[in-house]
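The tour below goes from one selection to the next.

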Amino acid sequence: MMNEIIKAIKERRSIRKFRGDMPKKKDLAEIVEAGLYAASGMGKQGTIILAITNKEIRDRLSAANAEIGGWKPGFDPFYGAPAVLVVLADKSVGTRVYDGSLVMGNMMLAAHSLGLGSIWIHRAKEEFEMPEYRELLKEQGITGDYEGIGNLAVGYIDGEAPSPAKRKDGRVFWIE
């Protein structure tokens, strides 16, 4: 029998089609908590997570992301996912990008383990350099200088999860 964590790692896929119904808050909270348990350089825990379930803010963030990405108005880079978990990291922490990436990975695996789909969407860095999103942080009482690391679109999968791509050969070198 395969270890449950290894099984989740091998089965998790990026999802590009979500149903519109919101996941249970309890499940989103578990995903966020898994992110908070990610390893961080020197134990600094310099990352924060914005759990966005407000449709208006989610839609504005999607439009900004599409504009940054160069897509036509109306394209949703979050693929219809109703929740977006944004990982940001304290700019004064030298390992912030690595730490934030581990938070994203933990949350993707947690979402999968709870029967939810997810996909890492880039451009959080550019979004949170925009005055509108700097202001959003202030409105939430968040002080400090943060860099966007990633947006995790989360929701129920609409259809079937894709099959894994074949793993490329020649990527492991044993030095014994």
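Helices (H or I, at least four residues) and strands (E, at least two) are DSSP runs, numbered from the N terminus. This is a predicted model, in which local features need pLDDT of at least 70 and side-chain atom pairs count only at pLDDT 80 or more, while totals for chains, interfaces and linings use all residues. Residues are numbered from 1 along each chain as its sequence is written, and side-chain values use heavy atoms, with hydrogens and water left out.

**Whole chain.** Start with everything selected. The protein chain holds 6 helices and 4 strands, in the order α-α-β-α-β-α-β-α-α-β from the N terminus. Its C-alpha atoms fill a box of roughly 50 × 40 × 35 Å along the principal axes.

**Helices H2 and H4.** Next select residues 25–36 (H2) and 96–113 (H4), whose axes come within 7 Å and cross at roughly 145°. Axes here are lines fitted to C-alpha atoms, for helices over the stretch in contact, and angles run from 0 to 180 degrees between N-to-C directions. Show the side chains of Ile 31, Val 32, Ala 34 and Gly 35 on H2, and of Val 103, Asn 106, Met 107, Ala 110 and Ala 111 on H4: these make the contact (heavy atoms within 4.5 Å).

**Largest pocket.** Now select Ile 9, Lys 10, Arg 12, Arg 13, Ser 14, Gly 105, Met 108, Leu 109, Pro 164, Ala 165 and Arg 167, which line the largest pocket. A pocket is found on a 1 Å grid over the protein atoms alone, as an open set of points where a 1.4 Å probe fits, with protein on both sides within 12 Å along at least five of seven lines; lining residues have an atom within 4 Å of a point. Which helix gives the largest share of this lining? H4 does, with 3 residues. Helix H1 (4–11) and H4 each supply at least two.

**Second largest pocket.** Finish with Leu 50, Ala 51, Ile 52, Thr 53, Asn 54, Ile 57, Leu 136 and Gln 140, the lining of the second largest pocket. Strand E1 (residues 47–52) gives the most to this lining, with 3 residues.
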